[in-house]
Amino acid sequence: CIAFMFFQQDGNGKVSRVIRIGTRKSQLARIQTDSVAEKLKGLYPEVHIEIGDNLFTALERNEVDLVVHSLKDLPTTLPPGFTIGAVLKRENPHDAVVLHPKNMGKSLGTLPDKSVIGTSSLRRAAQLKKRFPHLEFKDIRGNLNTRLKKLDEKDDFSAIILAAAGLGRMGWESRVSQILGPEDCMYAVGQGAIAIEVRARDKDILEMVSVLNDPNTVLRCIAERAFLRRLEGGCSVPVAVHTEVRDSQLYLTGAVYSLDGSDSLKETMQTSIASDNKVEERVDEWVHRVGVTANNMPGPAQDASEKLGLDLANLLLSKGAKEILNVARQLNDAR
Ligand code: DPM
């Protein structure tokens with residue numbers, strides 16, 4: 001719709017399209033937004049990009065054209081009228097241990113008895129309580145800068161757990177003392193991937209950002225999100241996943257936990273995502289799966305990925321996942 005498009009004229013009378021990007025004010029949000037802006041500038045040098053720290057409703061009010069998010073913070077069902085137009089290549093999806101400087105050289109396994117670990121993630125606490133019963137877990141809140149400050153400047157926590165991807169984007173890799181593999185702690189749905197939210201009807205912007213889709217990341221995240229949606233899990237339930245693409249197969253491991261990790265269910269399933277490249281989605285179809293529109297990727301592989309997530313969730317539900325999650329939810333609400 002031309003009426004909503006913004007243009008800018010330079011000194012030579014050349015008219016260029018303006019893309020307006022909205023961001024939150026935290027340093028991580030700015031870094032993520034800037035990295036997407038740089039990629040778009042590289043792809044579309046003729047486009048003029050503006051970044052404003054508008055509120056998120058700006059997308060709805062047509063004040064911005066796209067908003068950059070950490071995928072794991074986006075609900076599996078978006079409000080009507082919005083879609084995820086691109087999921088960028090996933091960075092390290094695992095969690096990392098950041099130690100208080102006085103504990104340098106230690107690991108979760110070698111920290112003294114009753115050491116306090118900071119995390120507000122039920123998922124992390126459940127898995128790590130089971131694996132490292134000598135440790136204690138306490139909530140820590142605030143953005144990444146606040147958390148690191150609370151760790152370093154007080155004596156409340158021996159270590160905190162954060163996503164490796166966020167630490168990397170902040171340039172704090174040197175603070176990572178340990179990366180947690182799947183045997184210690186599986187990651188959250190969508191963790192480590194950046195998503196671009198757009199208006200679902202904004203065809204031009206959708207097409208523009210679709211170039212940033214990383215096919216394997218898109219398929220993994222569709223499967224993970226379908227799994228979470230079927231379990232009716234929000235962004236704060238003890239649900240964890242692990243996905244891999246190998247030889248045109250997508251493998252999804254999913255698990256649900258009681259709050260202390262003593263009760264859990266974990267299964268793995270796989271599906272073929274081999275695709276005949278001719279089967280491309282038609283751009284005017286507006287298909288989205290668990291809130292993701294990837295019109296430039298084959299539809300059948302996306303369908304198979306969504307079904308994988310659904311099937312795995314159904315398998316866990318048939319084994320009692322609902323009961324585990326309901327109890328966890330009730331106990332957590334009562335805290
Ligand atoms: C969600 C969770 C957390 C964030 C829950 C979870 C962590 C909360 C906490 C849904 N969102 O992971 O089980 O530690 O108390 C968040 C971070 C990032 C996106 C920070 C982090 C950056 C990494 C990424 C907060 N959301 O998890 O360390 O892009 O995945």
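## Around the ligand

The shell around the ligand takes at least three residues from domain 1 (7–92 + 190–334) and at least three from domain 2 (95–179); these bounds come from an automatic or database domain assignment. This is a predicted model, in which local features need pLDDT of at least 70 and side-chain atom pairs count only at pLDDT 80 or more, while totals for chains, interfaces and linings use all residues. Residues are numbered from 1 along each chain as its sequence is written, and side-chain values use heavy atoms, with hydrogens and water left out.

The shell divides into 5 nonpolar, 7 polar and 6 charged residues. Here Ala, Val, Leu, Ile, Met, Phe, Trp, Tyr, Cys and Pro count as nonpolar, Asp, Glu, Lys and Arg as charged, and the others, Gly among them, as polar. Three elements, α2 (122–131), β9 (159–163) and α4 (164–170), each supply at least two shell residues. Helices (H or I, at least four residues) and strands (E, at least two) are DSSP runs, numbered from the N terminus.

## Contacts with the ligand

Which residues come nearest to the ligand? Of the 18 around it, they are K72, D73, S121, R124 and G192; a residue is near if one of its heavy atoms lies within 4 Å.

Now look at the ligand's oxygen atoms. One is 2.7 Å from an N or O atom in the side chain of S121, and one is 2.8 Å from an N or O atom in the side chain of R169. An oxygen is also 2.7 Å from a polar backbone atom of G192. The protein covers 88% of the 620 Å² of accessible area that the ligand has on its own, using the Shrake-Rupley method with a 1.4 Å probe.

## A covered helix

Helix α6 (residues 215–230) has 16 residues, so at 1.5 Å a residue it should span 22 Å, and its end C-alpha atoms, 23 Å apart, agree with that. The expected span is 1.5 Å times one less than the number of residues.

Of those 16 residues, 12 are buried, including V218, C221 and F227. Buried means under 20% relative accessible area, exposed over 50%, and partly exposed in between (1.4 Å probe, protein chains only).

Most residues other than glycine have a negative phi. K114, in the loop between β6 (95–99) and β7 (116–118), has a positive phi near 65°. V290, in the loop between β14 (264–272) and α7 (299–318), has a positive phi near 40°.

Are these two buried or exposed? K114 is exposed because its relative accessible area is 58%, whereas V290, at 2%, is buried.

Notes:
A polar contact is a pair of N or O atoms within 3.5 Å; within protein, one must be able to donate a hydrogen and the other to accept it, and residues adjacent in sequence count only if both atoms are side-chain atoms.
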